[in-house]
Amino acid sequence: MFAQQLMSGIATGSLYALTAVAIVLIFRNTRTINLAQGDFSMVGAFMALVFFQVLHLSLILAFVATLISVIVLAVLVELLVMRKIRNADWLTLFTATLGVYYILHGVSGWIWGRDTKSFPNIFSVTPVSIGGMLISEAHVINILIAGGIGLLLFLFFKYTRAGIAMRAITDDVEAAQLMGIPVKFVVTLTWAVGGFLAAFAGMLLAPIIYVSPGMMDTVLIKGYVGAVFGGLYSIPGAIVGSLMIGIAENIAGGYLGAQYKVTIAFVMIVLILAFRPRGLMGGQARREV
Amino acid sequence: MPLKLMDVEANYDACRALKGISFEVPEGSIVALLGPNGAGKSTTLRVISGVIRPSAGTIEFDGQRLERSSPEAIVKFGIVHIPEGRRVFPTLTVLENLKMGAYMRRDASGIRDDLEKVYGLFPILKKYAKHHAGSLSGGEQQMLAIGRGLMARPRVLLLDEPSLGLSPKLVTEIFRIVRTINTENKTSILIVEQNARMALGVAHYGYVLQVGKIVISGTARELEEKDAVTSSYMGRVQCNI
């Protein structure tokens, strides 16, 4: 029982991690706490429904089309909104993303309606037995996909010129500029990676939490809490934090009742801010917000 | 082709503004820019590298006007600014830092050659290639900052206070390397220095800035003989921010 809850906790936590990592990436390169990150996923989930159920594209085509749409959305938000105010203080940037959040909520509700829509189960929910533990196939696949994305990001940041440049900008924007790194382009790329992660989060979460304009609201908060675990800076920290939230809420849900699932995330953020304000793996010197 | 500044003005802040400065860095020469704190030395370098837009005046290099160009474009022209305080990327490895210096380049074999050259100049960087730059000592970080700048294969190197905070032995070493870079690659160097004597020791020409204006200019030899340099340099900070 406990081991099973641990596994499903890791499965949901790994989906929160997609949001948490995107929040960290965008924050550390642009000082922006992106409240619209969840809504990128929400729009992605609606787009996936359109491509899959309305336009009857094949699963793989619908998936690719959704991925592209969400990346385009994230890039447009950067180019049309965030770039204009990129030198403003963090509160202005934060407030602008709040505006984007409400616009995306409103526009999605206007286009697709405010009622909750079901999303086809792409992966079977029939439990499979792994080492004597029963776990749904969807959970296994979610963990594998999230893990695969993690590996992809690791390789991107370690071995590609653009990936290393993204980390260089995190370290020192002005020095990066002096080396001829095109900072504006790399920032746009950062938002594109945010869109990439959002598209996966939206499509993998949609069968579990269903599709509506507000579907990502609590996930956004859990992803943000996960990001705070990494001090809004460390990717491994954000991943560990998200997994911990997934596990904690599943165990709390199992023993205390489902209504405590969201509360546990808030309890965790209060604890982390009180005792480790720089994150679990904090302590690293970093620039002022 | 020289790098030429004509009547450049900039309003960076009340203190470090430039009030119309003109000078040039002849091809293949080392030019020292001296003066007290707050005189506008670093601002001059930042204006050349495009981080600050000048409010008036022109900057010319290779027949091109640079004063409206982006920092990336200026690196492409072959002007590379190594900022004060080293500013290496601390969480990147030494090798990654060096690769970022060559970000604008596409000639893989040329980049490999230059990497070997930088390792030849600074063997310590090869030894620590896989270490995080943040774990290096101040002197090693300065070597990395210079090496990273060289990876862009500069025709003009702007060096801001390379000796700041280093031991006398390392200062001598850094200036020896500055001279080597200049003689071996024919790279022009514009160096801003606190250590006026050391800078004039390697430079061909020198300019003294005071409150955003050039007050003394001449060959390095002439400036060394004038007491004015040391006294203007030793002068109190003239502007508090």
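1. How many salt bridges are there between chain B and chain A? The count is 4, taking a salt bridge as a side-chain nitrogen of Lys or Arg within 4 Å of a carboxyl oxygen of Asp or Glu. One to look at is R46(B) with E174(A), where the closest N and O atoms sit 2.6 Å apart.

2. Quick housekeeping: this is a predicted model, where local features need pLDDT of at least 70 and side-chain atom pairs count only at pLDDT 80 or more, while totals for chains, interfaces and linings use all residues. Residues are numbered from 1 along each chain as its sequence is written, chains are lettered from A and ligands numbered from 1 in the order written, and side-chain values use heavy atoms, with hydrogens and water left out.

3. On the contact itself (heavy atoms within 4.5 Å), chain B puts in 23 residues and chain A 20 residues. About 2,200 Å² is buried between them, with carbon and sulfur atoms giving 59%; that is accessible area (1.4 Å probe) lost on putting the two parts together, summed over both. In chain B, the residues losing the most area to chain A are F89(B), M100(B) and Y103(B), together 30% of what that side buries.

4. Inside chain B, have a look at helices α6 (residues 138-150) and α7 (residues 168-185), counting as helices DSSP runs of H or I with at least four residues. They pack at about 10°, axes 11 Å apart, the axes being lines fitted to C-alpha atoms over the stretch in contact, and angles running from 0 to 180 degrees between N-to-C directions. α6(B) and α7(B) are therefore roughly parallel (angles under 35 degrees).

Terms used: Helix = DSSP H or I, 4+ residues; strand = E, 2+ residues; numbered from the N terminus. Parallel < 35°, antiparallel > 145°, perpendicular 65-115°, else oblique.
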